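Thanks for asking me to look this one over.

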Amino acid sequence: MTPVVLITEELAPAAIDVLAQDFEVRHVDGTDRGALLGALGEVEAVVVRSATQIDAVAIEAAPKLKVIARAGVGLDNVEVPAATSRGIMVVNAPTANIISAAEQAMALLLAVARNTVAASSSLKSGEWRRSRYTGVELAGKVVGVVGLGRIGVLFAQRMAAFGTRLIAYDPYVQPARAAQLGVRMVGLEELLREADFISIHLPKTPETVGIIGARELAMVKPGVRIVNAARGGLVDEQALTDAVAEGRVAGVGIDVYAKEPCTSSPLFALENVVATPHLGASTHEAQDKAGLAVARSVKLALQGEFVPDAVNVQAGGVVAEDVRPLLPLAEKLGKVFTAVAGGVAASVTVEVRGEVVAHDVSVLRLAATKGLFADVVDERVSYVNAPLLAADRGVEVDLGTYQESPDHHNLVTVRGALTDGRTVSVSGTLWSNTLRETLKLTEVNGFDLELDAEGVLLFFRYTDRPGVVGRVGTILGRLGVNIAAMQVSRRTAGGEALMALTVDSSVPADILHEAASEIGAAAASAVDLRDE
C-alpha cells in the first residue's frame, strides 16, 4: 500500500508536490483535536507547523507512524521523548529560516536606530515633527551579538557592511573562529558595557532564559538599543520596560515574547519600542524552504534512509557522500552478526577501515546497532530507538577507526563478545564497478567469503569432509528451497569449515535444524537480508 502522509497546516505547494509524487497526501485541521486523532490511524508521516500538538496521546493514536516533521525550527508542539520511545523519527527544518531571522533582526535594529515606526505613525496622524525623531547612525558604533550561532553569524556579517565594530558573547565559539568573521569575543558583562546596539541570537534553554534581566540591564551603556528576534523569555520584559522608561535603554526592537500569542505588554505603550508578532520566519522564501526541507526528510525516512535533520537520532548531521553507501552494509552486518551469534552480544565494536575514516563515520555504529536488534525485538527498530534498545539490554556498541585496510578500499567489521565467552565477527565491503555497487560479505568468524549481502543467507559450521555440500543441496531441494549461490570456506583440509548459501525463500527453523543435523553441523543460522 502507498504510505499515507498527513498534512495538518498550510504547507508550501512545492512541498506538497514533492510528497504527492510517492505518497498519498491527506489533509486535516491540526487545531481540531478530534479530527486530528481520528485521522492518524493509517498515517506513516505527519507534517505540522506550530499550531498542531503532537503529544503522547496523538502518537498513541498513530500505530503506523514513522516520522513527525515540523516545517520550521522549534519543536515545542512535538513530544519528542514519546516519539523516540516508539522509534518515530522527528525532523525539522533547522536552516530554512536563518536568513529571514537574521534579516528580521536587521530590520528591527534599523527601525529602532532611526525611529522609523514612531515617525511613520506621527506623520500618518497629520504631524510633521522631524526634530523629535532624530536617530543615530550605525557606522562606527559597537554592535554586540549575544549568541554567535548560524543566525548570529549571518547578522554579524550583515552588520559589518555598515562599518560597525563587532563584539560577541558565546561561550561555545572559539575566538579564532570569531576572528575570521571580524568579531571579537568578550564576556557578557563586557558586551553589555561596551555595545551601542545589542542583538540577541540565543536558543531558549534553562541556561539562557532570563539571561538579560534587571541586573544585566543596569550594566548597559546609556543609550543602548536592544533587539530580540530570537526567543521569548531571554530578556526579562518587565525589566526591559523599566530600563526604557528610565532612559537607560534608548530603544527596543522585539519580535518574540515569553508567552505567545502576545497582544498585551507594558513594552507596547512605549513609543521607542518597535514590536512585531514573531515574524522572524514569516517570509515566503523561508516557508517554501521549510516545507521543501521536511518533504525531502519525510521521503528519506519513509524509504528507510538516514535523515540528517532528525533531531532524535544519535550521530545526526550531514553524512559524507563516501560514507552514505556504507550505511546499508553496516546494518546488514549487524543482522548477520546477531544471526551467527544466536542472540544479543554483551558488547560490540564496529570497526571501520580505509580511506572513508577521513570522514565522520559514527553513523555506521548507529546503522550496525539498528541491524543488531532488527530480528531480536517485536517492535520496529529504527535509527531513533536502536540506541535505546541497546542501552535497555546493557549492550555497549563502540566504534573503532583505522586508516589501514590492506585487502579492501574500505572495510566494515562488526565484532563482539557473547555472555558465554565466545566471540563473533562479520565483515563486509562495498564493491564498485561501472554497472553498480554491490554489498559483499568478506568474512564470518574468521572464514573468508565473497558473497553478496542480499537475499536469505544460511550458514553451516561443520567438520570438512567429502559429500557435505551435496547432502545439503539434496536436503534443501527436497524441502523446496532453491539455492542461488553457495560458498565453502575452510582453514585446513579436514578442519573446521563454513558453508554459506544464498537461497530464494525464507527457511523455517525446523528445516534449518534438520539440515544441520543431517550433516552434523556444530552451528547453523539463517538471516533474511531482503529489503522490507
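**Notes on the predicted model**

1. Let me start with a helix pair: the axes of H1 and H12 are 8 Å apart, and the two helices pack at an angle of about 15 degrees. Axes here are lines fitted to C-alpha atoms, for helices over the stretch in contact, and angles run from 0 to 180 degrees between N-to-C directions. H1 contributes Ala14, Ala15, Val18 and Leu19 to the contact, and H12 contributes Gly291, Leu292, Ala295, Val298 and Lys299; contact means heavy atoms within 4.5 Å.

2. A word on provenance: this is a predicted model, in which local features need pLDDT of at least 70 and side-chain atom pairs count only at pLDDT 80 or more, while totals for chains, interfaces and linings use all residues. Residues are numbered from 1 along each chain as its sequence is written, and side-chain values use heavy atoms, with hydrogens and water left out. Helices (H or I, at least four residues) and strands (E, at least two) are DSSP runs, numbered from the N terminus.

3. Next, the sheet. Five strands in the order S2-S1-S3-S4-S5 form an open sheet with parallel pairing; two strands pair if DSSP finds at least two bridges between them. At the edges are S2 (24-27) and S5 (89-91), each pairing on one side only. From one strand to the next, the twist averages 20 degrees.

4. How do the side chains of S3 point? Ala45 and Val47 point one way, Val46 and Val48 the other, and all are buried. Buried means under 20% relative accessible area, exposed over 50%, and partly exposed in between (1.4 Å probe, protein chains only).

5. H1 (residues 13-20) lies across S1, S2 and S3 (45-48), running at about 135 degrees to S2. H12 (residues 284-302) touches S1, S3, S4 (67-70) and S5, and its direction makes about 170 degrees with that of S4.

6. The largest nonpolar core has 81 residues, and Leu19, Val47, Met89, Val298, Phe337, Leu364 and Phe459 have the most contacts inside it. A nonpolar core is a set of buried Ala, Val, Leu, Ile, Met, Phe, Trp, Tyr and Cys residues joined through side-chain atoms within 4.5 Å. Helix H13 (residues 326-341) gives the most to this core, with ten residues. Apart from it lies another core of 30 residues, including Ile167, Leu202, Ala230 and Val244.

7. Finally, some backbone details to look at. A cis peptide bond joins Glu260 and Pro261, with omega about -5 degrees; Pro261 sits in the loop between S11 (249-254) and S12 (273-275). Asn115 has phi near 55 degrees, a positive value in a residue other than glycine, and counts as buried at 17% relative accessibility. Asn445, also not a glycine, has a positive phi of about 50 degrees, and is partly exposed, with a relative accessible area of 26%.
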